Amino acid sequence: MRELIQFRNIVKEFDGQLVLKGINLDICENEFVTLLGPSGCGKTTLLRILGGFIEQTEGEVYFDGIEISNVPPYKREINTVFQRYALFPHMNVFDNIAFGLNIKKENKDVIKQKVTKMLKLVGLEGYENRAVTQMSGGQQQRVAIARALVNEPMVLLLDEPLGALDLKLRKEMQVELKKIQKEVGITFIYVTHDQEEALTMSDKIVVLNEGEIQQIGSATDIYNEPENEFVAKFIGESNIIDGIMLDDYRVVFFDKEFECVDYGFHDNEPVDIVIRPEDIDIVDVEKGMIKGTVKSILFKGVHYEIMVETEHEDLKVHTTDVSEVGKEVGLSFFPEDIHVMSKMAAY
Amino acid sequence: MKTFRKLVYPYCVWLGIFVVVPMLMIMIYAFSQAGNDVTTLSFTFNNFAKFFDPVFINVFWKSIKIALITTILCILLGYPLAFIIANSNEKFRATLILLMTIPQWINMLIRTYSWIGILSEVGLLNNILSFLGLPTVSLLYTDFSVIIGMVYNFLPYMVLPIYTSLNKLDPNLINASYDLGANRVKTFQKVIFPLSIPGVMSGIIMVFLPAVSSFVIPKLLGGGQYMLIGSLIENQFITVGEWNFGSAISLIMAIIILISMYVLKKFDKDITEERGSKA
Amino acid sequence: MIKNKTGKFISNVYLIAMLIFMYLPIIYMCVFSFNSSRSLTRWTGFSTQWYERLFSDYTIGEAVYYTVLVALLATIFSTIIGTITAIGLSKSRYVIREIITNINDLPMMNPDIVTAIGMMLLFASLGLEKGFMTMLIAHITFCTPYVILNVMPKLRGLDPNIAEAAMDLGATPFQALIQVIVPQIAPGIMSGALIAFTMSIDDFVISYFVTGNGVKNISILVYSMSKRLNPTINALSTIMVSIVTIVLVLINVVPVINAKMKNKKISEEGNY
């Protein structure tokens, strides 16, 4: 895959505050890339720099090998789906979608054909003459996507596009967006703070915090091998425990030595250990690697969330097995479920 | 909460006496002969017929013409001004709006009166012209001075509503337009201007209405002989004493204004709706 | 949006030109209020004689007195009537509300001169002597719609059950009104009162037609004086312009300064 977009050392300052602290990121063709992070992490700022709506304080943006910092947004082969859609309220659905084509002075028949095709793609056939102000959030969302895609951009930027929708609709749109991306075969850059959304759709996830990239990787990489405490906490639920790496494949925590699959640390290096709650099994006391007492049980629908009090720290366990408060239990997990992270911040 | 409904009654009575009855009075006077009282009311169209005398019709057309020119000038001057203010940086914006509103708080007669010193034969403007070696012009007591006075007085009524509608505009709509390939000019044409039309419309109403009925500005800057419909009405009531004819003119003016406001509002609404659901 | 340098330059020039257009006449007038001769066009030297004349002129003092008195009374009455009516309207049935708001719009939509002659005809037929009372009634009539217009939106934003809640807790309707509803719509009432006051202070046309017996407000006085060149008007105007400017600047600047002081205090405390 060819590298289409390159951010080189992007710094952005707003009123003396550093919002982006030197971002380096490559994005390839046909990728579905998600910029994931809590609000204020700089993800939207990065997207807007790429869209051309704000200028970076330092650094370069390359698009197809060419530096584009001085190219105005209307000359970039990038289109955006805005947070609250930004549909033109004085135009109907057809005119909204046809806006970009009209600007390019395309032939009327061609415009009609393309718009119709787009409406079909987003499942809004027959809505051409509807006023956008009279549409539901989900429908407006689709119009916004169609309006951007009809221009056949090389990259589509999506700024928290599902944020305003209710949960059910959001799930539907996640699937649909992924489908659309495969159909049109272009790069999607998607900004969200919803980790589940990111895990569902992305080929590549970029986790950002406080203007810095924390980790770049596939959904499974990021979930299973978080590189630091922030990523582990932000993506899914996790137990984070202090430990010491004795040497390769051997780690100590809770005053006990465990076998693990990690290597490459310094001998006796202090580390953070991540164990996902669903990776811990509750077993009989004598079979457990760690002993503890059930402190609380919450029913979560699909599973129970059980807090187990141990000699050292409380551990969170997700299980479908029933247990009861006050019961002595043993906890067990596999070596590959122990994720070791360096204590050093960021990668 | 039915208890509170009664609170409306006193004002209903007040509205009846001081708003509805006066309007009826104007109608009665307009349709009756001079010298009548309530007991011997005789109905007539004479007052309206009199209005169609070329002298009065000319005054009428001139009023409309002056008000239209004023309105157009206010749009041409006010729109760029509102646009610049809306696009200036935030701290500066509040100051600019304050600067636009301060003159509004100064008595209108005083504001109008202040132009006499500038426009008169030996006033500031001619002093500057002769200083530059240019021929002097006599501007006071002409259409020009009346229009200047009107534009000066009513310009903020155009700027403020346009500014408000521009300021309300979601910046992402403009970004979206750029994003879809429209440059600054196209974005203005296709997105910014159409969405600011409601502001322009209320500006037009707020300028045209006082301009067409004003009698202070023509009196001060047009001179004693200068006649617009407002001064014609004033003349009938204060100088000539023909209250019936004066009422008829007022009625004609009120009706024309109410109709044009209705049309403007409808037109404005149609634009918004039509664009939303064009077939 | 205006990004390039030429664009910025042109817009700044335009802005300054327009500000000159708006302020030049006022400044010019203020300057000539200190002229030593009667001329409004030729500067002959500095003097304060027009101010001296202004303060010794009885009619001017009287006009100021009437203007302020009418404005204050009209503001008080129209604010009370307008607020009460708006509260009543918010609870009225749709049809009644529509009818009343439409009639209420009339004085605002109608040209001043039409409202003025309507009033004049009414007072004439009632045989009321034109003077202070007629002027006050007229001012209350054209001010009240603006109060209603400002209070209504605040009422619309109110929780409809709030008065019920108060009465449920034992308040009489009157107590509910004064203690619960009025405080919540206070900003609307305040802005309505402010507009009423300025409308009344500024009014010329309506006052001109409905007053008599030597009762004049400042506008009428300026109008009658302006027929001949009279620099005392300049002096009077300068004083009024100064008051307006000072008040407006105070209103707009004091909160900013207060906020800054507070910030400074906080940051200073933070330093310790």
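Q: Which residue stands opposite Arg250(A) in β13(A)?

A: In this predicted model, the residue of β13(A) that stands opposite Arg250(A) is Glu259(A). The two strands involved, β12 (residues 250–253) and β13 of chain A, pair in the antiparallel sense, and four bridges join them.

Q: How do strands β1 and β2 of chain A pair, and how many residues lie between them?

A: In a regular strand the side chains alternate between the two faces of the sheet. As for the pairing, strand β1 (residues 3–14) and strand β2 (residues 17–28) of chain A run in the antiparallel sense, with nine bridges. Ile5(A) stands opposite Ile27(A) of β2(A). The two strands form a hairpin with two residues between them, and Asp15(A) in the turn has a positive phi of about 50°.

Q: Is helix α1 of chain A enclosed or open?

A: Burial is judged by counting neighbours: a residue is buried if 20 or more other C-beta atoms lie within 10 Å of its own. Nine of the nine residues of helix α1 (residues 43–51) of chain A are buried, so this helix is largely enclosed by the rest of the structure. Among them are Lys43(A) and Arg48(A), as well as Leu46(A), Leu47(A), Ile49(A) and Leu50(A). Just after the helix, Gly52(A) takes a positive phi of about 95°.

Q: Into which domains is chain A divided, and what separates their centres?

A: Chain A, with eight helices and 20 strands, is divided into domain 1 (3–224) and domain 2 (237–342). Taken over C-alpha atoms, the centres of these two domains of chain A are separated by 39 Å. The C-alpha atoms of chain A fill a box of roughly 75 × 45 × 40 Å along the principal axes. Of its 347 residues, 41% count as buried.

Q: Is chain B spread out or compact by the globule rule?

A: Chain B has 12 helices and zero strands. Its radius of gyration is 23 Å, well over the 19 Å that the globule rule gives for 279 residues, so chain B is more spread out than a compact globule. Of the 279 residues, 46% count as buried. Among contacts in chain B between residues at least 6 apart in sequence, 70% join residues at least 24 apart.

Q: Which chains have the most contacts, and which do not touch?

A: Two pairs of chains touch, and the most contacts are between chains B and C. That contact takes 64 residues from chain C and 65 residues from chain B. On the side of chain C that touches chain B, helix α1 (residues 5–32) of chain C gives the most, with 11 residues. By class, this side of chain C has 43 nonpolar, 16 polar and five charged residues. Chain A and chain C do not touch, and their nearest C-alpha atoms are 10 Å apart.

Methods. Residues are numbered from 1 along each chain as its sequence is written. Chains are lettered from A and ligands numbered from 1 in the order in which they are written. This is a predicted model: local features need pLDDT of at least 70, side-chain atom pairs count only at pLDDT 80 or more; totals for chains, interfaces and linings use all residues. Two residues are in contact if their C-beta atoms, placed from the backbone, lie within 7 Å. Ala, Val, Leu, Ile, Met, Phe, Trp, Tyr, Cys and Pro count as nonpolar, Asp, Glu, Lys and Arg as charged, and the others, Gly among them, as polar. Two strands pair if DSSP finds at least two bridges between them. A residue is buried if 20 or more other C-beta atoms lie within 10 Å of its own, exposed if 12 or fewer, and partly exposed in between; C-beta atoms are placed from the backbone. Domain bounds come from an automatic or database domain assignment. The radius of gyration is taken over C-alpha atoms; the globule rule is 2.2 Å times the number of residues to the power 0.38.
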